[in-house]
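User: I have a model open and would like to go through it. Could we begin with what surrounds the ligand?
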Amino acid sequence: MEYKTLNNGIQMPMIGLGVYNVAQRETQRVVEEAIEAGYQSIDTASMYDNEKEVGQAVRACGIPRSELFVTTKICDSCYTREQTLHSVDQSMRKLGLDYVDLMLIHWPVGNPAVMWQTLEELYQQGLFRAIGVSNFYPNTFSLIVEEARVMPMVNQCEAHVLYQQRKMIAYLKPYNVALEAWSPLAEGRREVLKNLTLSSIGAKYGKSAAQVALRFLVQSDIVIIPKTTHAERMKENIELFDFRLSDEDMEAIRRLDKGHNITGWPSDALTYSV
Ligand SMILES: NC(=O)c1ccc[n+]([C@@H]2O[C@H](COP(=O)([O-])OP(=O)(O)OC[C@H]3O[C@@H](n4cnc5c(N)ncnc54)[C@H](OP(=O)(O)O)[C@@H]3O)[C@@H](O)[C@H]2O)c1
């Protein structure tokens with residue numbers, strides 16, 4: 001496993017398992033299989049409605065809690081400190097864990113500055129090892145950093161070979177904020193999994209198009225959280241650290257960038273009203 005050192009010194013695994021759209025009845029099995037396959041990091045959210053099952057897996061898996069990295073996200077539109085505390089409390093109860101490794105604000109809704117101040121307070125009390133945001137583009141990220149006592153450690157955004165987030169990478173660099181890619185396989189689209197550039201590069205290394213797409217992100221210093229419920233794909237997606245793409249390969253993959261989001265979720269194209 002390789003790790004990203006966050007701006008507060010915490011080590012975050014470069015790959016985690018995302019559990020969006022994993023049904024409650026499957027989540028404990030899926031998370032335990034992922035941990036068995038070598039995953040140390042799990043990405044959930046209050047919106048995914050499976051925090052309870054993630055927590056059950058983390059407690060039952062037999063790996064010390066200190067060796068695992070659990071991320072969750074507040075997705076409520078909180079306008080006050082009390083609402084934010086309530087939302088965090090709900091997540092902590094469902095997870096049944098003493099602390100969360102990374103707590104994110106899921107979207108820039110509600111009052112992000114107030115939500116951030118509340119997360120800063122809880123971070124300083126030790127409830128979270130790191131805090132960050134998700135889906136914050138410059139118009140909303142600036143609302144946080146103007147007042148921040150604690151700089152976000154992570155911004156989790158859509159990123160994959162078709163939307164490489166070069167502007168965001170350049171924007172975050174001076175703040176030393178890590179970019180974490182959601183939908184790193186572009187939701188499993190054929191355009192990625194059957195892409196000829198990716199599969200021909202993969203053939204040189206004995207790797208699949210999916211592995212090349214994920215390796216491209218990791219090699220670009222982007223943390224990834226691919227989702228799968230299949231044990232063989234979990235294994236495939238984590239086997240990224242025994243090969244290195246050449247400069248020419250990286251350049252060829254850079255040319256796949258469309259420069260805009262493709263999942264339909266809000267992105268930099270959307271101006272949030274906060
Ligand atoms: N912060 C946010 O707003 C936000 C938004 C979206 C997602 N996320 C996070 O990012 C995680 C990943 O994003 P995502 O689930 O949207 O998309 P993704 O990880 O890009 O793709 C997942 C899809 O690809 C398939 N897949 C996975 N590995 C594969 C492989 N090796 N070969 C072929 N198909 C494969 C999966 O199918 P199977 O499951 O059937 O294998 C699933 O349909 C989420 O689970 C969530 O944790 C966050």
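**Around the ligand**

Analyst: Helix α10 (residues 231-238) gives the largest share of the shell around the ligand, three residues. Helices (H or I, at least four residues) and strands (E, at least two) are DSSP runs, numbered from the N terminus. This is a predicted model: local features need pLDDT of at least 70, side-chain atom pairs count only at pLDDT 80 or more, and totals for chains, interfaces and linings use all residues. Residues are numbered from 1 along each chain as its sequence is written.

User: Which residues come nearest to the ligand?

Analyst: Gly18, Tyr20, Trp182, Gly188 and Lys227 come nearest, of the 27 residues around the ligand. A residue is near a molecule or strand if its C-beta atom, placed from the backbone, lies within 6 Å of it.

User: How do the residues of the shell divide?

Analyst: The shell has eleven nonpolar, eleven polar and five charged residues. Ala, Val, Leu, Ile, Met, Phe, Trp, Tyr, Cys and Pro count as nonpolar, Asp, Glu, Lys and Arg as charged, and the others, Gly among them, as polar.

User: Now the sheet. What is the order of its strands?

Analyst: The open sheet has eight strands in the order β3-β4-β5-β6-β7-β8-β9-β10, with parallel pairing. Two strands pair if DSSP finds at least two bridges between them. The edge strands, β3 (17-18) and β10 (223-224), each pair on one side only.

User: How many bridges join β8 to β9?

Analyst: Five bridges join β8 (residues 154-158) to β9 (residues 178-182), and these strands run parallel. Leu179 in β9 is the bridge partner of Asn155.
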